Amino acid sequence: MLLAQLTEVNGAPGQEGEVRNLIREQIEPFVDEIKTDALGNLIAIKNPRAIGPKVMLAAHMDEVALMIVGIKNNGMLEFRPIGGIDPRVLVAKTVIVGKKKINGVIGAKPIHLQRPDEREKALSIQELYIDMGVKDKEEAKRLVSLGEIAYFTTKYEEFGEGKVKAKALDDRVGCALAIRLLQEDLSFPLIAAFTVQEEVGLRGAGVATYQIKPDLALILEGTTASDVPGTDEHKHATSLGKGPAITFMDRAVITHPPLVKELFALANEKNIPVQARRNTAGGTDAGQIQLTESGTKVAVIAVPCRYIHSPASVMSKKDYDGAYELIKHYLRCLEEREDFQ
Amino acid sequence: MKETIRQLTEAFGPSGYETEVTSLIKTMITDFVDEIKTDVLGNLIAIKKGASNGHKIMFAAHTDEIGVVVTHIDKEGFLRFATVGGVGISTLVGNRVRFPNGIIGVIYHEKADWKDLKIDKLYIDIGAESKEEAMEQVKIGEFGIFHREFCDLGNRLIAKSMDDRVGCAVLVEAIKKIKEPRNALYFVFTTQEEVGLRGARTAAYDLEPDLGIAVDVTITGDMPEARRMEVSLGKGAAIKVKDSSLIVHPKVKQILMDLAEKNKIPYQMEVLEFGGTDAGAIHLTRSGVPSGAISIPTRYVHSPSEMIDIRDVEASVDLVVALANKELNELN
Amino acid sequence: MDVKHFLRNLSESSGVSGYEQNITEQISTACTWADDMRRDKLGNLIMLKRGEGTKPKKKIMLAAHMDEIGLIITKVEKGGFLRFGTIGGFDQRVLLGQEVIVHGKTPSLGIIGAKPPHVQAHGEQNKAVKLEDLFIDLGYDTKEDAEKLVRIGDLVTLKREVIDLQSSLLAGKAFDDRAGVAAIFECFKILSTLHHEVDVYGVATVQEEVGLRGAVTSTYGIVPDLGIAIDVSFGDQPDLRESETIKLGNGPGIAIGPHVHPKVYDRMVKTAKEWNIKYSLDPSPSPGGTDAYAIQVAQAGVATILLSVPLRYMHTSIETIDYDDVKSTGKLMAMFIAGLNNEFVEGLTCF
């Protein structure tokens with residue numbers, strides 16, 4: 001299953017190879033041109049020479065992960081996050097390390113030997129380490145080098161009532177949507193940019209946009225859902241099961257008002273449940289895409305995900321399918337429109 | 001000039017939703033420019049053609065103001081919100097906001113210690129008695145602004161959004177005064193400055209100017225126990241040396257200083273520790289644009305009652321007009 | 001030319017972000033190997049040494065920033081004392097008691113002072129003096145006298161002569177990143193004796209310390225295929241972890257991270273091993289903080305790498321480096337460039 005495959009491959013910012021290769025394999029039969037650039041963005045084009053609006057879909061391939069920055073004398077690995085990870089989700093989790101794919105665990109002091117006040121304090125990144133089961137530094141150095149990446153080992157699983165658990169739903173869910181949408185039969189130029197390094201500063205998107213020069217762009221994301229106990233309703237941002245979330249504003253972008261209005265109206269017309277993203281925190285590739293060269297009209301459609309940027313995030317299949325339906329209808333509408341404005 | 005400032009400051013234009021302001025400006029300047037256009041981000045660009053050997057100057061004043069955006073409507077009809085641009089908690093409590101359809105609301109806070117107050121403890125009351133009633137008047141994602149009228153105190157004027165409608169007013173006035181300029185003048189009324197100098201970035205990329213000048217406000221230090229700042233009301237147009245988005249090109253700074261001296265325009269030097277302007281975006285476009293800024297000294301910036309001195313505004317207009325006609329070969 | 005001597009002069013000269021003119025002049029005078037030299041609109045100095053490859057030639061850009069952090073006058077107080085703000089990141093604790101040069105009408109000596117300890121309140125002595133409580137003593141007695149020489153907006157630099165420490169270690173101000181500029185010169189010294197196919201742009205960038213600004217515009221103007229940023233990185237000191245630093249005397253740090261193209265990294269390491277040049281691995285999970293960050297995303301993207309000269313006590317007036325590391329950084333770049341061919345560079349956009 002597409003989403004299962006996509007979430008189970010590994011791709012940290014700057015090292016998206018596995019993800020890129022899988023996506024390339026999936027889309028080859030449906031597109032006319034595929035290319036990469038100096039940063040590793042994967043750009044796929046349908047109908048390159050057609051007349052009509054140039055529509056860009058963007059989803060990022062990278063996931064947050066851990067970089068090995070030091071090897072202690074006892075062989076334990078020091079690490080730092082690439083992209084934002086709350087250190088509290090790390091302790092006592094399993095990881096897979098480096099090119100050699102060595103198993104590791106993120107160590108923690110046993111509860112028996114902790115003082116009560118210690119258990120109240122969160123462990124900082126500097127206090128954590130990865131144990132590969134080696135005896136010493138030399139043995140560790142034979143298995144892994146500095147700069148290599150450790151990933152979460154979460155397996156994709158469907159559970160509960162139509163829910164999915166996986167790592168990297170942010171933004172493999174966006175990649176999956178783009179792959180599905182590339183299979184649509186359309187006559188205008190449709191370009192999917194599978195971008196790199198979004199998690200470390202929206203790095204790949206502007207570079208891709210510079211090459212594509214789109215008329216408008218739809219950014220497909222996995223976004224935070226805080227509809228969980230202990231959160232006031234007004235801080236939920238998005239809720240699972242209420243449909244894809246459409247952004248009006250985040251830290252990086254104020255989305256194009258006419259485009260946003262159109263998407264809400266279309267959802268209403270086609271009876272697709274949607275929600276507004278009730279939060280202005282965070283940022284997506286839209287921020288860079290909007291401001292490249294002379295500017296682009298942008299909108300962000302995101303699938304709500306709980307526990308984002310942690311080993312196991314959760315989404316609802318209904319929201320995922322709803323996002324696909326909404327964008328598919330939007331693209332079809334563009335197709336039918338005589339003069340594109 | 002005062003009437004122009006009044007009209008502009010009372011208009012509705014939070015970042016991303018500036019069309020009322022740009023339309024108003026368009027009516028003010030349409031008879032005085034050679035060409036007007038808008039771009040993808042909503043920037044309004046007004047062009048006055050210059051002599052054939054003149055340089056291309058981009059003047060930028062931003063049309064957007066800080067504000068709020070509705071993120072949630074609760075069961076009782078109260079609204080929760082996020083801020084748009086740099087809005088301080090202390091300027092919100094007890095103040096009124098206005099939404100595009102004219103709906104007015106009051107901002108207040110949950111029970112909490114003042115020092116613990118964060119945005120998520122505030123709410124807006126539009127007087128609705130239920131969620132349904134509220135939803136008929138505003139929606140999630142609705143943008144709002146401070147609701148405050150303009151006040152004329154004589155030399156000093158108070159209004160919301162002096163930042164940067166007074167800058168827009170300076171350019172509007174300059175457009176009316178300048179006849180047959182030496183240089184090609186691109187007056188850009190930019191969008192989304194308050195959320196990251198966004199409109200200016202794409203406008204400058206498109207226009208490729210030889211010189212970029214932002215006309216924006218700067219803070220003053222002439223109030224009781226104010227944070228240290230040497231700029232004061234009534235001492236003239238402020239010529240910027242640096243702020244956190246830009247170190248003004250030394251030649252541009254010198255050109256402005258020399259013009260002010262030569263034309264006997266009162267001026268003061270501005271070093272701003274925190275804060276940026278459109279020039280910060282302009283100077284880094286493509287392979288670089290020498291840029292600077294003319295700042296209007298303003299007290300209480302980013303509060304609903306920003307105060308300026310009309311004499312500083314007039315000095316800023318004079319400086320813009322002088323620059324429009326200056327030969328700029330030293331920038332080559 | 002004696003590049004070490006050139007570095008001393010650069011270090012002792014003044015060139016705060018946005019006002020690098022003085023440094024630009026010294027560098028352009030010293031540059032004898034360029035086929036072409038130009039300054040861009042922001043003041044970046046771009047020196048081109050042409051390659052011998054077939055047209056269209058590939059382009060590599062080497063970038064090191066020539067600006068230093070400094071101070072800017074914000075007020076002239078009663079009694080002729082000057083208040084100041086910062087340009088770039090300063091730890092205010094290193095400023096107390098520092099001698100400075102105030103660049104007013106003429107460069108003048110100043111001392112950074114604060115209230116003496118015995119008049120400070122009890123408990124105040126344990127706290128660092130805040131930036132706003134520091135001032136510069138210009139040696140004048142009245143505000144009027146001081147204002148004849150200095151005005152708001154004038155710049156201030158640290159006064160420091162380069163000091164020779166043991167073996168090849170040096171201490172001085174602004175080695176961040178004039179040591180990088182020196183490494184570029186060391187590179188060209190060797191490159192002049194070798195053949196190379198690619199066009200090489202040596203760029204002394206401006207305004208890195210305030211936001212990598214010069215790198216943004218200079219890269220846009222050159223459109224290189226490959227970019228090497230040469231900056232400084234945290235050298236080993238007693239109070240820092242080993243995993244956060246690289247050792248002095250062990251050659252350049254080669255960064256690995258999102259801002260480093262994997263093929264360029266592999267080839268750089270291979271070059272170092274082939275020519276017996278010592279180096280340290282510099283794992284960098286965050287791509288920001290150096291010109292590499294800006295170079296990488298210019299136009300349609302650039303394959304980049306970051307080399308770092310290990311440096312202790314960054315952003316103080318006693319930055320300490322091992323000059324041998326500057327030489328080996330230069331040598332590594334020269335051998336890397338000499339080994340480049342069109343085919344390798346073209347392959348950098350293939351993933």
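Predicted model: local features only at pLDDT ≥ 70, side-chain atom pairs only at ≥ 80, totals over all residues.
Where the two domains of chain B meet, twelve residues of domain 1 and 14 residues of domain 2 take part in the contact. On the side of domain 1 of chain B that touches domain 2 of chain B, five residues are nonpolar, four are polar and three are charged.

In chain A, the bond from A:Asp170 to A:Asp171 is cis, with omega near 10°, and A:Asp171 belongs to helix 5 of chain A, which spans residues 169–181. In chain C, the bond that leads from C:Asp176 to C:Asp177 is cis, with omega near 5°, and C:Asp177 is placed in helix 4 of chain C, made up of residues 175–191.

Positive phi values deserve a look as well. B:Tyr300, a residue other than glycine, has a positive phi near 60°, and it sits in the loop that joins strand 17 (291–298) to strand 18 (306–309) of chain B. B:Tyr300 counts as partly exposed because it has 16 C-beta neighbours inside 10 Å. C:Ser167, which is not a glycine, has a positive phi of about 45°, and its place is in the loop between strand 10 (163–164) and strand 11 (169–172) of chain C. With 9 C-beta neighbours inside 10 Å, C:Ser167 is therefore classed as exposed, since the cut-off for that class is 12 or fewer.

Terms used: Residues numbered from 1 in each chain as written. Chains lettered and ligands numbered in written order. Contact = placed C-beta atoms within 7 Å. Nonpolar A, V, L, I, M, F, W, Y, C, P; charged D, E, K, R; others polar. Helix = DSSP H or I, 4+ residues; strand = E, 2+ residues; numbered from the N terminus. Buried ≥ 20, exposed ≤ 12 C-beta atoms within 10 Å, placed from the backbone.
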